[in-house]
Amino acid sequence: MAASDDKTLGPCPICGRPMIDGASVDRHHWIPKKEGGAEWSHLHRICHKKLHSLFSEKELAASFSTPKALQEQPDIRTFVSWVRKQPAEYVGRHNRPKRRS
């Protein structure tokens, strides 16, 4: 096993790409702490930022509290199709949230 494999956190629950411990990975609470959630998983930072750019904490808690629910959402499917072409350590840039009203 290569030394870099020791830092692998498994596949991202959103995009499926391997996660490598470091700047490209965040923790995501499936139900936001503000909404009473405690369970969390590692996600790629860019995937995490995408979720919070699309959905409010109330929406995440009520409708998108699992990877499966998120992956079925059309905007996330489009994003995943694009991000899967990026390297595992890709951080990218995100504009301010453009949540729906």
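Contact here means heavy atoms within 4.5 Å. The model is predicted, so that local features need pLDDT of at least 70 and side-chain atom pairs pLDDT 80 or more, while totals for chains, interfaces and linings use all residues. Residues are numbered from 1 along each chain as its sequence is written, and side-chain values use heavy atoms, with hydrogens and water left out.

H28 lies in strand β3 (residues 25–29); strands (E, at least two residues) and helices (H or I, at least four) are DSSP runs numbered from the N terminus. H28 is buried, with a relative accessible area of 0%, where buried means under 20% (1.4 Å probe, protein chains only). Beyond its neighbours within four places in sequence, H28 contacts E39, W40, S41, L43, H48, L51, H52 and L60. Two of its pairings are listed below.

| Pair | Relation | Distance |
|---|---|---|
| H28 and S41 | C-alpha to C-alpha, 13 residues apart in sequence | 5.5 Å |
| H28 and H48 | side-chain polar contact | 3.3 Å |

A polar contact is a pair of N or O atoms within 3.5 Å, one able to donate a hydrogen and the other to accept it.

**Helices α1 and α4**

The axes of α1 (residues 45–54) and α4 (residues 74–83), lines fitted to C-alpha atoms over the stretch in contact, come within 11 Å and cross at roughly 155°. The two helices are therefore roughly antiparallel, a class for angles over 145 degrees. From α1, the contact draws on I46, C47, K50, L51 and L54; from α4, on D75, I76, F79, W82 and V83. These residues comprise eight nonpolar, no polar and two charged, with Asp, Glu, Lys and Arg counted as charged.

Definitions and conventions. Axes are lines fitted to C-alpha atoms, for helices over the stretch in contact, and angles run from 0 to 180 degrees between N-to-C directions. Angles under 35 degrees count as roughly parallel, over 145 as roughly antiparallel, 65 to 115 as roughly perpendicular and the rest as oblique. Buried means under 20% relative accessible area, exposed over 50%, partly exposed in between (1.4 Å probe, protein chains only).
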